Amino acid sequence: MLVGELINKVTNKEITIRELAKLYHVTDQTIQRKIKKLGYSWDKKKEVYKYVGKSPQPVNIDFSTLFRKKQTVTNDLRKNKVIPRNSSSDVIDVLLIGTKASSKRVYQGFYFDKDILSIINSVPKSYKSELINEALRKVFKEKGLL
């Protein structure tokens, strides 16, 4: 189910958070955290989700991709990452839809051009470093530096 469709169904009371939790085999809190991480906030008075994140709104993301599934996968052991087999996406595409791998990092600040920063800010906060690392890794490999 796409995020936009899910938000509409919850807003229109066609599905509940509890039903979503059962559907994805997680807790209610996990569903709420995932929705919040996508940039949505619950308006208690109006009983609707409002988008408060940075543009563009992630309405076309498949919500199920935000959960790790037990499925046939190809392991990229160097990055300790799991990517679905037969996927036409590269790692950057996967990160843009919300997949995350843990690693040891060192903080470093840089200045970005506005157009580049708008793309970085379009992904959830917890995925930004991974996106930047993978984008730079891809370019550096193409240049023969890695």
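Visitor: Which residues of α6 are called buried, and what makes a residue buried?
Guide: Helices are DSSP runs of H or I with at least four residues, strands are runs of E with at least two, and both are numbered from the N terminus. The buried residues of α6 are Glu130, Leu131 and Glu134. Buried means under 20% relative accessible area, exposed means over 50%, and partly exposed lies in between (1.4 Å probe, protein chains only). Glu134, at 7%, therefore counts as buried. The model is predicted: local features need pLDDT of at least 70, side-chain atom pairs count only at pLDDT 80 or more, and totals for chains, interfaces and linings use all residues. Residues are numbered from 1 along each chain as its sequence is written, and side-chain values use heavy atoms, with hydrogens and water left out.

Visitor: How do you know where the buried residues of α6 fall around the helix?
Guide: Seen down the axis, the buried residues of α6 fall within an arc of 100°, so they line one face of the helix. The arc is taken over the directions from the helix axis to the C-beta atoms.

Visitor: What span should α6 have, and what span does the model give?
Guide: The expected span is 1.5 Å times one less than the number of residues. For the 15 residues of α6 that is 21 Å, and the end C-alpha atoms are 21 Å apart, so the two agree. After α6 comes Gly144, with a positive phi near 80°.

Visitor: What does the salt bridge of Lys13 and Glu47 tie together?
Guide: The closest N and O atoms of Lys13 and Glu47 are 2.9 Å apart. Lys13 lies in the loop between α1 (3-11) and α2 (17-24) and Glu47 in the loop between β1 (40-43) and β2 (48-51), so the pair joins parts 34 residues apart in sequence. Lys13 is exposed, at 58%, whereas Glu47 is partly exposed, at 38%.

Visitor: What makes a space a pocket, and which helix gives the most to the lining of the largest pocket?
Guide: On a 1 Å grid over the protein atoms alone, a pocket is an open set of points where a 1.4 Å probe fits, with protein on both sides within 12 Å along at least five of seven lines; lining residues have an atom within 4 Å of a point. The largest pocket holds about 650 Å³. Of its 19 lining residues, the closest to the centre are Phe112, Ser129, Ile132, Asn133 and Leu136. The helix α6 gives the most, seven residues.

Terms used
Points joined across faces, edges and corners; volume = space filled by probe spheres on them. Salt bridge = Lys/Arg side-chain N within 4 Å of Asp/Glu carboxyl O.
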